[in-house]
Amino acid sequence: EKENGVIRQISPDRVGKDIYVTFLKWAVGAGVRRYADRVFFWQVENELNATAGHLANNWRIIEGSWADIRFQRRMMRELAAVVHAEGAKRGIPLKTVGTFCTAIPLWEMYVKWGQEDGIDIVGADLYPNYYLGQPIVGSSMANTIAKAKKLSGGRPVWILETGYPRAPLVPNLFAPDAQANYFKTVFERCFRAGADVILAFGWFWNPSGWFMDVIPPLPGT
């Protein structure tokens with residue numbers, strides 16, 4: 001959309017919540033129809049309980065709709081329904097994931113809603129050392145996952161993001177050895193606490209093996 005020669009992005013306040021949700025459903029439905037035979041898990045929005053932080057970092061357009069919990073739940077519910085409906089048309093049992101930032105209050109409420117609103121997998125983002133490197137509190141993340149498992153109603157619990165900053169490189173603050181310690185603790189304890197999948201943010205897999213996001217992939221991978 002252009003206004004006075006300036007491109008304006010689509011957002012709930014600008015086009016209205018009904019039109020915005022309709023557009024999302026159209027876009028998601030088209031994506032699912034195209035990739036349903038290759039992609040079997042679909043994330044239905046991201047960290048809806050952390051929209052205030054997203055706005056502060058300019059990750060979402062700053063407007064009031066993102067503070068509307070009923071609107072957030074509507075998006076989650078209707079997008080999940082689209083994914084399931086498109087999968088049913090293809091005879092493929094697609095699964096939906098709702099991801100929430102466990103460092104932000106109320107994440108437990110969203111997990112409970114998800115069970116009612118068609119979210120098949122509980123997704124958690126764990127960043128306990130996002131702003132402060134010490135002490136390394138990775139061990140406490142197991143308690144968070146145990147709580148998510150208890151609230152899941154039997155659904156799988158996936159950690160879709162977890163990480164420990166690699167900068168600034170200040171001794172005993174954000175350092176490589178501290179990062180290694182964090183990941184070792186998180187992987188071991190969270191699996192024991194009930195996590196079914198753990199993905200470390202910034203790590204990717206290609207046919208040649210693991211590489212970090214600061215290292216370009218090998219040719220052809």
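Because the model is predicted, local features require pLDDT of at least 70 and side-chain atom pairs are counted only at pLDDT 80 or more, whereas totals for chains, interfaces and linings use all residues. Residues are numbered from 1 along each chain as its sequence is written, and side-chain values use heavy atoms, with hydrogens and water left out.

The protein chain contains seven helices and nine strands; helices (H or I, at least four residues) and strands (E, at least two) are DSSP runs numbered from the N terminus. Of its 221 residues, 43% are buried, where buried means under 20% relative accessible area, exposed means over 50%, and partly exposed lies in between (1.4 Å probe, protein chains only). The accessible surface of the chain is about 12,500 Å², and carbon and sulfur atoms make up 60% of this area. Accessible areas were computed by the Shrake-Rupley method with a 1.4 Å probe, and for residues only the protein chains shown count as cover. Among contacts with a separation of 6 or more, 69% are between residues 24 or more positions apart, a contact being heavy atoms within 4.5 Å.

Five strands form an open sheet with parallel pairing, in the order β3-β4-β5-β6-β7. Two strands are taken to pair if DSSP finds at least two bridges between them. Strands β3 (41–46) and β7 (197–198) are at the edges and have a single partner strand each, so one side of each lacks a neighbour in the sheet. In general, strands of a sheet pair through backbone hydrogen bonds, either parallel or antiparallel.

Strand β6 (residues 157–162) is joined to β7 by two bridges, and these strands run parallel. Ile 159 has Ile 198 of β7 as its bridge partner, and Trp 158 is opposite Val 197 in β7. Six of the six residues of β6 are buried, so this strand is largely enclosed by the rest of the structure. Strands β5 and β6 also run parallel and are joined by five bridges, with Gly 123 opposite Trp 158 in β6. The chain passes from β5 through α6 to β6 in a right-handed β-α-β crossover. Right-handed here means that, with the strands pointing away from the viewer, the path from the first strand over the helix to the second runs clockwise.

On the surface, Trp 59, Tyr 130, Tyr 131 and Leu 132 make up a nonpolar patch with about 550 Å² of accessible area together. Patches consist of residues with over 30% relative accessible area and no salt bridge; like charges are joined within 9 Å, and nonpolar side chains (Val, Leu, Ile, Met, Phe, Trp, Tyr) within 5 Å. Tyr 131 is in the loop between β5 (121–126) and α6 (141–151) and is exposed, at 69% relative accessible area.

Most residues other than glycine have a negative phi. Leu 106, however, has a positive phi near 80°. This residue, Leu 106, is in the loop between β4 (95–101) and α5 (107–116) and is partly exposed, at 46% relative accessibility. Glu 45 is not a glycine either, and its phi is positive, at about 65°. Glu 45 belongs to strand β3 and is buried, with 18% relative accessibility.

The whole structure contains 13 salt bridges, each defined as a side-chain nitrogen of Lys or Arg within 4 Å of a carboxyl oxygen of Asp or Glu. One of them pairs Arg 74 with Asp 18 at 2.8 Å, N to O. Arg 74 is in helix α4 (residues 69–90) and Asp 18 in helix α2 (residues 17–35), so this pair ties together parts that are 56 residues apart in sequence. Arg 74 is partly exposed, at 21% relative accessible area.

Glu 45 is also in a salt bridge, with Arg 60, and the closest N and O atoms are 3.0 Å apart. Arg 60 is in the loop between α3 (51–56) and α4, and Glu 45 is in strand β3, so the pair ties together parts 15 residues apart in sequence. Arg 60 is buried, at 13% relative accessibility.

A further salt bridge, between Glu 108 and Lys 147, has its closest N and O atoms 3.6 Å apart. Glu 108 is in helix α5 and Lys 147 in helix α6, so the pair ties together parts 39 residues apart in sequence. Both residues are partly exposed, Glu 108 at 24% relative accessible area and Lys 147 at 42%.
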